[in-house]
Amino acid sequence: MKRPSQIAVYGRYARFLLYEFRWPIGVFAALVLVGGLLLRIGYHHHQLSYAEACYTVFLLIFLEAANLPFPDEWYLQLAFFILPIVGLGAIADSVVRLGYLIFAQKQNLPEWQRMVASLYRNHIVVVGAGKVGLRIIKGLVELREPVVAIERLADSPFLDELHDLDVPVITGDGRQRKTLEEAGVANARAIIVASNDDLANLDAALTARDIQPNIRVVMRLFDDTLAQKIGGAFNMPALSTSHVAAPAFIAAATGRKVYHEFRLDGQQLHLIDVTICPGAPLANRTVGDIQADHDVNVVMHRGADGVNVNPGHEVVLIPGDTLLVIAPIAKLRDLESANQPAGG
């Protein structure tokens, strides 16, 4: 699950250029090879070898004087005038297109983005690179997951940040099959649909499943009821924005730090932090005591010695220490009650 290396990217870029210029290259080669054959057969001033005839045609294309007398045959005379026009036209077209493609690579234009995205395998596609999508992408990049983004707005203010993260961005409508294919959905292991339009998210999710039936789909939805129905009917985790945001509103209103809310084996759990208060019953108790007495799980401890992930049961808690705790909300209320100073 690694991102493509720079060697792979530029190797693919070389193949991409060869494919893009297949017609100009073919026309040029045909002019030299076929024109050389016709010149060898039709020219009568003196006998030409095939290599000499091809070289003469090559010089004619670049308006160079050929090292042989002007032909007497009318059809060869016509060819001497037409060959430079056709050949220089193919060369001029190639030069202009090559300049544009090099510029596209330097400026991260859509052609370059599509080419880089075509190299990704077993990656995660994120549809919607707005504020929420950008945070999702940043989190995935921090986890070193390969990511390809899809953004409908070509002038999105977040594109520069995505380019700084070296995340290829496909500009287009995530509901369209072509756009999803350009993002490599057929080779992806998951897709996160995070735009601010419920129906567009559902449309993109179903289209992704149509392209690859086994892809893991995660959707952002605003409608709680719709999220529950889709999650059950289509086996697609659907996260309601209001449901996810609720802990943040609760935390802001109550002063609690509620980091996350999730469901495990049918039970609703919360992840919060608790700072040990002076004079509270929790002070001077061990982590093991608190877990046993209050039926909670302490996953992190921060004290005078720093941060300790999965602290041992023998760790003694002193006032000012902070715990990161997972438990049902009822157990967390009991824990908070036990963290009140005596007589408080």
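Visitor: How many residues stand between β9 and β10 in their hairpin?

Guide: This is a predicted model, in which local features need pLDDT of at least 70 and side-chain atom pairs count only at pLDDT 80 or more, while totals for chains, interfaces and linings use all residues. Residues are numbered from 1 along each chain as its sequence is written, and side-chain values use heavy atoms, with hydrogens and water left out. Strands (E, at least two residues) and helices (H or I, at least four) are DSSP runs numbered from the N terminus, and two strands pair if DSSP finds at least two bridges between them. Strand β9 (residues 297–303) and strand β10 (residues 306–309) run antiparallel and are joined by 4 bridges, and the number of residues between them in the hairpin is 2.

Visitor: Which residue of β5 is the bridge partner of I191?

Guide: Strand β4 (residues 190–193) runs parallel to β5, and 4 bridges join the two. Strand β5 (residues 216–221) is mostly covered, with 5 of its 6 residues buried. Within β5, the bridge partner of I191 is V217.

Visitor: What handedness has the β-α-β unit made by β4, helix α9 and β5?

Guide: A crossover is right-handed if, with the strands pointing away from the viewer, the path from the first strand over the helix to the second runs clockwise. The unit is made by β4, helix α9 (residues 198–211) and β5, and its handedness is right-handed.

Visitor: Which residue forms a salt bridge with D210?

Guide: Side chains of opposite charge can pair when their charged atoms come close. A salt bridge here is a side-chain nitrogen of Lys or Arg within 4 Å of a carboxyl oxygen of Asp or Glu. In the salt bridge of D210, the closest N and O atoms are 2.8 Å apart, and the partner is R177. The pair links distant parts of the chain, 33 residues apart, with D210 in helix α9 and, in helix α8 (residues 177–182), R177.

Visitor: Which residue is linked with R177 and D210 in a network of salt bridges?

Guide: At 53% relative accessibility D210 counts as exposed, whereas R177, at 38%, counts as partly exposed. The residue linked with R177 and D210 in the network is E181.

Notes:
Buried means under 20% relative accessible area, exposed over 50%, partly exposed in between (1.4 Å probe, protein chains only).
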